[in-house]
Amino acid sequence: MTEARTQRDAVVPFIVDIPRNLIIGFLLGYRKLISPIYGDVCKYFPSCSAYALEAVTVHGAVKGVYLATKRVFRCNPFSHGGIDQVPDGRRIWPEGKLPKIMVMNHPPIPADEDEDAANAARGA
């Protein structure tokens, strides 16, 4: 009985992750084949495809597609663009296992040069 439960516990997450993995595969294919044709035209950081990839990775298929769809509708000629991060999810990543897309979408932001100059002038 314990062996059957172990097999079931291994199969259920695999089946639940199938839609998420299919969407991730589609997004990776889009980023490899179609995105280079358009070039760097997105007003937002990260780009819409990178945002969608992170949203699906963090939140799963349903909520990730919902967040990505909202983002695509915000990305229009009348928007100002800017930095638009994916909301934090409840998923906890093991140490050293953070997905590459999350690392790429959250680069360290250097201090503003004007702020450094103001601190130097104050003697701070």
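**Notebook: salt bridges, core and cysteines**

I began with D84, which forms a salt bridge with R71, the closest N and O atoms being 3.5 Å apart. A salt bridge here is a side-chain nitrogen of Lys or Arg within 4 Å of a carboxyl oxygen of Asp or Glu. D84 sits in the loop between β2 and α5 (100–105) and R71 sits in helix α4 (residues 61–74), so this pair ties together parts that are 13 residues apart in sequence. Helices (H or I, at least four residues) and strands (E, at least two) are DSSP runs, numbered from the N terminus.

I noted the basis before going on: this is a predicted model, in which local features need pLDDT of at least 70 and side-chain atom pairs count only at pLDDT 80 or more, while totals for chains, interfaces and linings use all residues. Residues are numbered from 1 along each chain as its sequence is written, and side-chain values use heavy atoms, with hydrogens and water left out.

**Entry: the rest of the D84 group**

Are D84 and R71 buried or exposed? I found D84 buried, with a relative accessible area of 13%. R71 is buried as well, at 0% relative accessibility. The cut-offs are: buried under 20% relative accessible area, exposed over 50%, partly exposed in between (1.4 Å probe, protein chains only).

I then looked up a salt bridge between the side chains of D84 and R74, with a distance of 2.4 Å from N to O. R74 lies in helix α4 and D84 in the loop between β2 and α5, so the pair ties together parts that are 10 residues apart in sequence. R74 counts as partly exposed, at 31% relative accessibility. Through shared partners, the salt bridges join R71, R74 and D84 into one network.

How many salt bridges does the structure hold? I have three in my notes for the structure. One of them is between the side chains of R20 and D17, at 3.6 Å from N to O. Both of these residues are in helix α1 (residues 2–33), three residues apart, which is about one turn of the helix. I wrote down R20 as buried, at 14% relative accessibility, and D17 as partly exposed, with a relative accessible area of 27%.

**Entry: a surface patch**

Next I looked up a nonpolar surface patch of about 500 Å², made by V11, F14, I15, I18 and L22. Patches take residues with over 30% relative accessible area and no salt bridge, like charges joined within 9 Å and nonpolar side chains (Val, Leu, Ile, Met, Phe, Trp, Tyr) within 5 Å. Areas are by the Shrake-Rupley method with a 1.4 Å probe, and for residues only the protein chains shown count as cover. L22 is in helix α1 and is exposed, at a relative accessible area of 61%.

**Entry: the core**

Which residues make the largest nonpolar core? I listed 10: I24, L27, A50, A52, L53, V56, V58, A68, I101 and M102. Such a core is a set of buried Ala, Val, Leu, Ile, Met, Phe, Trp, Tyr and Cys residues joined through side-chain atoms within 4.5 Å. Two or more residues come from each of α1, α3 (48–59) and α5. The largest share, five residues, comes from α3.

I picked I101, in helix α5, which is buried with a relative accessible area of 9%. Leaving out residues up to four places away in sequence, I101 touches A50, L53, E54 and T57; contact means heavy atoms within 4.5 Å. I101 and A50 are 51 residues apart along the chain, yet their C-alpha atoms are separated by 7.2 Å.

**Entry: strand β2**

I83 belongs to strand β2 (residues 82–83) and is exposed, at a relative accessible area of 62%. From C-alpha to C-alpha, I83 and P46 are 6.9 Å apart in space and 37 residues apart in sequence.

**Entry: cysteines**

I looked for disulfides, pairs of cysteine sulfur atoms within 2.5 Å. The count comes to zero. C48 is in no disulfide, and the nearest cysteine sulfur, in C75, is 3.8 Å away. I recorded C48 as buried at 18% relative accessibility, and C75 as partly exposed with a relative accessible area of 27%.
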